[in-house]
Amino acid sequence: MVENVQFLKREGRLDEALQVLLQQLNLWEKDAAAGLGGVAPWYYEQAAIIYRKLKRFDDEISVLERFAAQPHAPGSSPPELLRRLEKAKWKRGSREGIDALKPVFEQNQKAQRKASPSVQSKPTAIELAIDQQPIYDFIALDVETANADLASICSIGLAHFRSGELFKTLTILVDPEDYFDPINISIHGITPEDVAGRPNMAAVFPVIAASLADILVVHHSHFDKTALARAAVKHGAGSLPCVWLDTLRVARRAWPSLSLDGRGFGLARLASEFSIMFEHHDAAEDAKAAGYVMLRAMQDTGLDLVQWINRVEQPIQEERGKVARASSGSGPLVGEVVVFTGRLDMRREDAARLASEAGCEVADSVSQRITILVVGEQDLRLTKGQEKSTKHRKAEGLIARGATLRIVGEADFMRLVGTTRV
């Protein structure tokens, strides 16, 4: 059921996803009325998210009120959805011109931490500089843009973590002084009307810079850091005075086995993997999720924040020893001989095992026997400044002399061996 809803949402078939969700809500509530347990928040949350995307705000409130009236299943986080209900009601009042005090949405998330025990551990005290006192805090950050130009920031989300716990979140709407692409609006739901009268990045930058000075800033993928850097250039501001830590790079090193199913290390995938509840493409929600991913990586690996700052600069594949092995004797790639070069998302040993199971013989060096070269990201320190490794250049030389040899990337390699995997 969950997979069906997620598929329909990815395909943009929101009305169909709603139909599935509402049918499920009726079943949950029928069971709850019969004393068979509480309802599951996920279905109500997804319905509320879709209603908001469709700008059916009254329906969003209605489905959240349905949730509030029901007994809740253990192990879930009803306070998060109840806060969402209060926020939706306040927004409706604001749209109708009702001047009401804004509820406290950014508060200590004790109930949510009880629901997600995987992110409770307290990080080790760290030092970012010799003259600093040990710190436990970091700020997670995410941005949304109005169009394909990374400098067209229209929203900045911040999530402040103290002592391994979410302390508060903040969303800053920004006038990008640029056009809004319908594709971007469909992703994050922010419109020109939403940012009308908001400050531009020239005004926001000094505030952000002061808030992030000498702070460790966690973000997921290079997008956010690059967007802020380009916006700084556009508005004549300096670079942000913080230390950056990319949780995408962290995830690839903390959980390399997740690369085996080809689903990648996107924030939504990681949140699903570790039961992190969030509303994707809301800047503050994305920032919160990135922060929880960071805490989970620290817990699973035992590395603290400073150690992770160093770890992400090292190759994903730490052990680069020999991986040669014989073919399994069956599979779609029987008769092929494969060699790996460069930095792969998965461990080199795992790649060699997949190749062997698919029927390949795995070799350590390029020779005339080789039929497939799998190329990962090159570390220029290991290739002495060359964009291609010695194996890569040697393979190209063999091809130039008439050898039947394919050079493929890691994604293509995964497709080649995919038929052998369940």
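Predicted model: local features only at pLDDT ≥ 70, side-chain atom pairs only at ≥ 80, totals over all residues.
**View 1. Cys242 and Cys360, two buried cysteines.** Cys242 counts as buried because its relative accessibility is 14%, and the cut-off for buried is under 20%. Cys360 is buried too, with a relative accessible area of 1%. If you are looking for disulfides, the structure holds zero.

**View 2. Helix α9 from end to end, residues 201-212.** This helix has 12 residues. Its first and last C-alpha atoms lie 15 Å apart, close to the 16 Å expected at 1.5 Å a residue.

**View 3. The buried residues of α9.** Here you can find Met201, Val204, Phe205, Ile208, Ala209 and Leu212. They sit on the same side of α9 because they cover an arc of only 135 degrees around the axis. An α-helix has 3.6 residues a turn, so residues three or four places apart point the same way. The partners that these buried residues pack against are the strands β1 (138-145), β2 (153-162), β3 (165-173) and β4 (216-219), together with helix α10 (222-234).

**View 4. The other side of α9.** Turn to Pro206, Val207 and Ala210 here: these residues are exposed.

**View 5. The two ends of α9.** At the start of the helix, look for Asn200, which has a side-chain oxygen within 3.2 Å of the backbone nitrogen of Ala202. Just after α9 comes Asp214, with a positive phi of about 60 degrees.

Conventions:
Residues numbered from 1 in each chain as written. Heavy atoms only, no water. Helix = DSSP H or I, 4+ residues; strand = E, 2+ residues; numbered from the N terminus. Expected span 1.5 Å × (residues − 1). Buried < 20%, exposed > 50% of the residue type's maximum accessible area, 1.4 Å probe, protein only. Arc of directions from axis to C-beta. Contact = heavy atoms within 4.5 Å. Polar contact = N/O pair within 3.5 Å; in protein donor to acceptor, adjacent residues only side chain to side chain. Disulfide = S-S within 2.5 Å.
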